[in-house]
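Here are my notes on this one, written as numbered points. Have the viewer open while you go through them.

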Amino acid sequence: MKKIIGMLMGATLLLSACGTPGGGTAQNTESQKEADTVKIGLNMELSGTVAGYGNQEKEGAELAVKEINDAGGINGKKVELVVKDNKSDTAEAATIATSLTTSDNVIGMVGPATSGATKAASPNATKAKVPIITPSATDDSITVANDKVQEYIFRTCFQDSFQGVILANYASDNLKAEKAVIIGDVSSDYAKGLTKSFKDTFKGEIVADEKFNAKDKDFKAILTKIKDKDFDFIYLPGYYEEAGLIIKQAREMGIEQPIIGADGFSDSKLIDIAGAENMNNIYYTAHFSEKAPASDKVKTFIDAFKEEYGKSPSSFNALSYDSVYMIKAALEAEKENTSDALTKGLATLKDFDGVTGTMTMDENHNPKKPAVVIGLEKGEEKSAEVVNP
């Protein structure tokens, strides 16, 4: 008899620990419904090597939360942003995903900003059945891994394969380029994805394919190898720290061909590192530009951001701002402030009017939206061309 009672008690405990279908545990769902605020976690790179991205996204998220709360909140409740620094470290990003879901009981998370950190955080978020929406992690495998859509992972940005295609076509069609040199970061999933999609799409000849690692400082050996080759442009998939040094050293060596890259260029530190005088004939994909054709909503955002922070908004500011408003739209569509409702609402988000474009979430949890290709001369934005998918 004691054995039977013990078995029944074990079964009861097991059932109570299991999650409800499609969402967090029943206990978490009820506590989220009864909470005084809507808790959203911010898992961001606020220090470390790519803190430039994380701090910009923190600004955008905080502005959105301020506006939403001033307007009455989400489904009648104010938003509480729980901010944590993952220190640009993948292990820390995973730990924070656990603490936000188990200790802070957030209904969803914005961030991390980078692909590696988002991949590290995803298993713990999935285990807790709490959705992540990353503003800027572009690696294709973040939302689809091993041919399986990641149920609780979403993004606001376009993915690497899209950027690589856009840049390859832009080089051929807009720059009329036929011969490329690739200088790619082989230490990041982000850069490797960009390189693959570019190679798969570019119609011209790849004259050289050179490689570097994150935190490298001296690129003169690579640049010496390519300097006297016959090529029309350099394709540079990587983050701003190394990209800035490569641009600086290339220009100082007399390499004047166009240099094109992806959204990893979207930080003012790129210009600081390279030097404005070297930032000529530079092109990169971005999610947002003040110079691109825009709606009234974009102007309102730009004005509000300048008033709040005393500067113009970046792509990363805009992406995280949109991420928070996408959470609002998803929860209000489901009329409930829970992780379950957020997951369903994000998966079915349609015609969301964001400052980075009008977007609809596709079946792979990627937004269908336009891209912008920005051109720089002397470190200043001189062109912004909208490119539709």
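1. The largest pocket holds about 680 Å³ of space. Its lining has 28 residues, and those closest to its centre are Tyr284, Ser312, Pro313, Ser314 and Glu381. On terms: with a 1 Å grid over the protein atoms alone, a pocket is an open set of points with protein on both sides within 12 Å along at least five of seven lines, a cavity is a set of points where a 1.4 Å probe fits but cannot get out, and lining residues have an atom within 4 Å of a point. Grid points are joined across faces, edges and corners, and a volume is the space filled by probe spheres set on the points.

2. Before going on, some housekeeping. This is a predicted model, where local features need pLDDT of at least 70 and side-chain atom pairs count only at pLDDT 80 or more, while totals for chains, interfaces and linings use all residues. Residues are numbered from 1 along each chain as its sequence is written, and side-chain values use heavy atoms, with hydrogens and water left out.

3. Back to the largest pocket. Helix 3, helix 10 (268-274), strand 12 (282-286), helix 12, strand 16 (371-377) and strand 17 (380-387) each put at least two residues into its lining; helices (H or I, at least four residues) and strands (E, at least two) are DSSP runs, numbered from the N terminus. By class, the lining of the largest pocket divides into nine nonpolar, 11 polar and eight charged residues. Here Ala, Val, Leu, Ile, Met, Phe, Trp, Tyr, Cys and Pro count as nonpolar, Asp, Glu, Lys and Arg as charged, and the others, Gly among them, as polar.

4. The second largest pocket has a volume of about 460 Å³. Of its 23 lining residues, Thr49, Val50, Ser188, Ala214 and Tyr239 are the closest to its centre. Helix 5 (115-128), helix 7 (189-201) and helix 9 (240-252) each supply at least two residues of that lining. The split by class in the second largest pocket is six nonpolar, eight polar and nine charged.

5. Now the domains. The chain is assigned domain 1 (37-158 + 293-369) and domain 2 (161-286), with bounds that come from an automatic or database domain assignment. Their C-alpha centres lie 28 Å apart. Across the boundary, 17 residues of domain 1 are in contact with 15 residues of domain 2, contact meaning heavy atoms within 4.5 Å. The largest pocket draws at least three lining residues from each domain, and the second largest pocket also draws at least three from each.

6. The largest nonpolar core has 97 residues, and Ile183 and Leu236 have the most contacts inside it. Such a core is a set of buried Ala, Val, Leu, Ile, Met, Phe, Trp, Tyr and Cys residues joined through side-chain atoms within 4.5 Å; buried means under 20% relative accessible area, exposed over 50%, and partly exposed in between (1.4 Å probe, protein chains only). Helix 12 (residues 315-334) gives the largest share of this core, nine residues. Domain 1 and domain 2 both contribute to the core, so it lies between them. Apart from it lies another core, of 14 residues, including Val82 and Met109.

7. Val65, in helix 3 (residues 51-70), counts as buried at 8% relative accessibility; leaving aside neighbours within four places in sequence, Val65 is in contact with Val79, Leu81 and Val324. Leu46 sits in the loop between strand 1 (38-44) and helix 3 and counts as buried at 18%. Asp104 lies in the loop between helix 4 (90-102) and strand 3 (108-110). At 17% relative accessibility, Asp104 counts as buried too, and beyond neighbours within four places in sequence its contacts are Lys39, Val82, Lys84 and Ser99.
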